[in-house]
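Q: I'm new to this one. Could you take me on a close look at how its inside is packed, and show me what meets what?

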Amino acid sequence: PGARVVQASIEAGHKVVSVPGASAALSALILSGFPVAPSVFLGFAERKKGRLADQLAPFARVPASLVFFESPARIAGLLKHLHELLGERSVVVARELTKKHETIYRGQLGQALEVPARGEMVVVIGPPMVAGVLTGNALDTAISELLDAGHRPKAVAKLLAAQAEQREVYARAVELRTCSQDN
């Protein structure tokens, strides 16, 4: 129930701070205002986009908050890759928690968050929005756009995993790619 209090405080324009605890990940999750339960702590994010897609695949459609540690030098790249892999989701980047220069950055993955490349960072991704499920022609259009951009069917399935069933996307991507190669 504390997430509702934190979210209401944020929306009212109040600054919310966390008392130092055993883990920066838990402090960031609480400060995010996202649901604490369920949540998944994924440690440090994989460096390469393909490996990150593999790391996220089991959790992309799960209605849970996702929590990562990230280094300051890689934060911009991670946010970009997360947007490409998960779609539009709320994000909080907590920097230097419980220290003098503690800063919380809030926004959407598609926004360019201006996060300074210094200090310890925790990234919290809010649960997926249910309304963005792709089916029928909308799914075919999304698959075709990714295929046209040069992605292989396996990558397309991973990229759209948050919005459609991964096996269905893969099968449809193979079918659409085969049709376009025949023409």
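A: Let's settle one word before we start: two residues are in contact when heavy atoms of theirs lie within 4.5 Å. With that in hand, take the contacts in the protein whose separation is 6 or more: 64% of them join residues 24 or more positions apart. Keep in mind that you're looking at a predicted model.

The protein has seven helices and five strands, and from the N terminus on they run α-α-β-α-β-α-β-β-β-α-α-α. Along its principal axes, the C-alpha trace spans about 60 × 35 × 25 Å. Of the 183 residues, 40% are buried.

Now for the inside. The largest nonpolar core has 40 residues, and the ones touching the most other members are Phe-68, Leu-82, Val-93 and Val-123. Helix H4 gives this core its largest share, six residues. There's also a second, separate core of 13 residues, and Val-67, Val-92, Ala-94 and Val-122 are among them. As a general point, nonpolar side chains in soluble globular proteins tend to be buried together.

Let's zoom in on Leu-82. Setting aside neighbours within four places in sequence, Leu-82 is in contact with Leu-52, Leu-56, Phe-68, Gly-87, Leu-109, Val-123 and Ile-125. Two of those names, Leu-52 and Leu-56, come up again where helix H3 meets H4.

So how do those two helices sit? H3 covers residues 49–56 and H4 covers residues 75–86; they pack at an angle of about 55 degrees, with their axes 10 Å apart. That angle makes H3 oblique to H4, because roughly parallel needs an angle under 35 degrees and roughly perpendicular starts at 65. The crossing of H3 past H4 is right-handed. On the H3 side you'll find Lys-49, Leu-52, Ala-53 and Leu-56, and they meet Leu-78, His-81, Leu-82, Glu-84, Leu-85 and Leu-86 of H4. Sorted by class, this contact has seven nonpolar, one polar and two charged residues.

Helix H5 (residues 136–148) and helix H7 (residues 166–182) cross at roughly 65 degrees, and their axes come within 10 Å. H5 passes H7 in a right-handed crossing too. From H5 the contact uses Leu-139, Asp-140, Ile-143, Ser-144 and Leu-147, while H7 brings Glu-168, Val-169, Arg-172, Ala-173, Leu-176 and Arg-177. The class count here is six nonpolar, one polar and four charged residues.

Methods. Residues are numbered from 1 along each chain as its sequence is written. This is a predicted model: local features need pLDDT of at least 70, side-chain atom pairs count only at pLDDT 80 or more; totals for chains, interfaces and linings use all residues. Side-chain values use heavy atoms; hydrogens and water are left out. Axes are lines fitted to C-alpha atoms, for helices over the stretch in contact, and angles run from 0 to 180 degrees between N-to-C directions. Helices (H or I, at least four residues) and strands (E, at least two) are DSSP runs, numbered from the N terminus. Angles under 35 degrees count as roughly parallel, over 145 as roughly antiparallel, 65 to 115 as roughly perpendicular and the rest as oblique. A crossing is left-handed if the near helix is turned anticlockwise from the far one by less than a right angle, and right-handed if clockwise. Ala, Val, Leu, Ile, Met, Phe, Trp, Tyr, Cys and Pro count as nonpolar, Asp, Glu, Lys and Arg as charged, and the others, Gly among them, as polar. A nonpolar core is a set of buried Ala, Val, Leu, Ile, Met, Phe, Trp, Tyr and Cys residues joined through side-chain atoms within 4.5 Å. Buried means under 20% relative accessible area, exposed over 50%, partly exposed in between (1.4 Å probe, protein chains only).
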